[in-house]
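Biologist: Can you walk me through this one? I'd like the folds before the details.

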Amino acid sequence: MREIRAQSIADAVKRLCIEANCHLSDDLKTCIGRCHAHETWPQAKEILERIIENYEIADEENVPICQDTGVACVFLKIGQDVYINGDLTEAVNEGVRQGYGEGCLRKSVVRDPLDRVNTDDNTPAMLYVELVPGDTIEITVAPKGFGSENMSRIAMLAPSAGLQGVIDFVIKTVEEAGPNPCPPIVVGVGIGGTFDKAALLAKKALLRPLDKRNTSPFYADLEEKLLEEINCLGIGPQGFGGMTTALAVNIETMPTHIAGLPVAVNINCHVTRHKTEVL
């Protein structure tokens, strides 16, 4: 049994909150650069140039890539041979509290959905915990802005809807979102499980690097097909038209009930932020 102090978790979460908000991952930068090179619509090409300029400035000056520094979604993979010395939830929230304070990141969380009073420190985090074999803790912080989150959808399809029903729902969701989620977007799709599990699958799909396809050839092909159809919508960067509406479509699946076909679409903007550290 390996002991990990709760304070070490708090320190890691603090670092990751700042890093994720200020530094875009290399796979995303590469994808944006490739789309810029292939884009033919002048206005779209110029917008992609501004996006590149923006993340380069953020890198150089260690400032947020986007003014919406999001809700802190924190994913923990905790080894079964780990003993956490301290309060795990409080450690995560303390890390968020310090990271958003020291990083001068916008605090966007309200204490109640209806009274709308800001918590002033961006807590509580949205915490997702998974037990895995081993004696380490993998921490991923994925700040989620709500321009894109508000455009996300879930559908409990009948099994008879089949593959075409899934495709139609994903395309319709992106088309109705239009320019609101700040395209070019990354589209996370969750298929299977239950109402809540499908949504979680879609959110976790956004954590996968854009240069890695689903390990199933069938779903890898479906990711490519959906990406092609989405980019044929012509929404384009920031909604001004062009070939680049989406950067990638990532699909995650799991078993489900014989009577159901849950499908969730979690949209993220081009600032698809996530950073990981292993303790």
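Biologist: How many helices and strands are in the protein chain?
Modeller: The protein chain has eight helices and 10 strands. Keep in mind that this is a predicted model.

Biologist: What does the radius of gyration say about the overall shape?
Modeller: A compact globule of 279 residues would have a radius of gyration near 19 Å. The protein chain has 19 Å, so the two agree. Its C-alpha atoms fill a box of roughly 50 × 50 × 40 Å along the principal axes.

Biologist: What share of the residues is buried?
Modeller: Of the 279 residues, 50% count as buried. The chain exposes about 13100 Å². Carbon and sulfur atoms supply 54% of that area.

Biologist: And what about contacts between residues 24 or more positions apart?
Modeller: They account for 81% of the contacts with a separation of 6 or more.

Biologist: On to the sheets. What is the strand order in the open sheet that contains β4?
Modeller: The order is β4-β2-β5-β10, and the pairing is mixed. The edge strands are β4, residues 126-132, and β10, residues 275-278. Each of these pairs on one side only. From one strand to the next, the twist averages 15°.

Biologist: Remind me what holds paired strands together in general?
Modeller: Strands of a sheet pair through backbone hydrogen bonds, either parallel or antiparallel.

Biologist: In which sense do β2 and β4 pair?
Modeller: Strand β2, residues 71-79, pairs with β4 in the parallel sense, over seven bridges. K77 stands opposite E130 in β4.

Biologist: Which strands does helix α1 touch?
Modeller: Helix α1, residues 6-22, packs on the sheet and touches β5 and β10. The direction of α1 makes about 40° with that of β5. Helix α4, residues 88-102, lies across β2, β4 and β5. Helix α4 runs at about 140° to β2.

Biologist: Pick a residue in α4 for me. Is V96 buried or exposed?
Modeller: V96 sits in helix α4. Its relative accessibility is 0%, so V96 counts as buried.

Biologist: What does V96 touch?
Modeller: Leaving out residues up to four places away in sequence, V96 touches V13, C17, A72, D121, N122, T123 and A125. The C-alpha atoms of V96 and V71 are separated by 9.7 Å, and these residues are 25 apart along the chain.

Biologist: What's the order in the open sheet with β6?
Modeller: Four strands run in the order β6-β9-β7-β8, with mixed pairing. The edge strands are β6, residues 153-157, and β8, residues 246-256. The twist averages 15° from one strand to the next.

Biologist: How many bridges join β7 to β8?
Modeller: Eight bridges join β7, residues 185-193, to β8, and the two strands run parallel. The bridge partner of I185 is A246 in β8. Helix α8, residues 217-231, packs on the sheet and touches β7 and β8. The direction of α8 makes about 140° with that of β8.

Biologist: Now β3. Which residues are on its covered face?
Modeller: V82 and I84 are on the covered face of β3, while Y83 and N85 are on the uncovered one. In general, side chains in a regular strand alternate between the two faces of the sheet. Strand β1, residues 2-5, runs parallel to β3, and four bridges join them. E3 stands opposite Y83.

Biologist: Switching topic. How many disulfides are there?
Modeller: A search of the whole structure finds zero disulfides. For C66, the nearest cysteine sulfur belongs to C269, 5.8 Å away.

Biologist: Where is C104, and what is its phi?
Modeller: C104 is in the loop between α4 and β4. Its phi is positive, about 50°, although C104 is not a glycine. Q238 also has a positive phi, near 60°. Q238 lies in the loop between α8 and β8.

Biologist: Last one. Which peptide bonds are cis?
Modeller: One of them runs from T123 to P124, with omega near 5°. P124 lies in the loop between α4 and β4. The bond from P183 to P184 is cis too, with omega near 10°. P184 lies in the loop between α6 and β7.

Conventions:
Residues are numbered from 1 along each chain as its sequence is written. This is a predicted model: local features need pLDDT of at least 70, side-chain atom pairs count only at pLDDT 80 or more; totals for chains, interfaces and linings use all residues. Side-chain values use heavy atoms; hydrogens and water are left out. Two strands pair if DSSP finds at least two bridges between them. Axes are lines fitted to C-alpha atoms, for helices over the stretch in contact, and angles run from 0 to 180 degrees between N-to-C directions. Contact means heavy atoms within 4.5 Å. The radius of gyration is taken over C-alpha atoms; the globule rule is 2.2 Å times the number of residues to the power 0.38. Buried means under 20% relative accessible area, exposed over 50%, partly exposed in between (1.4 Å probe, protein chains only). Accessible areas come from the Shrake-Rupley method with a 1.4 Å probe; for residues, only the protein chains shown count as cover. A disulfide is a pair of cysteine sulfur atoms within 2.5 Å.
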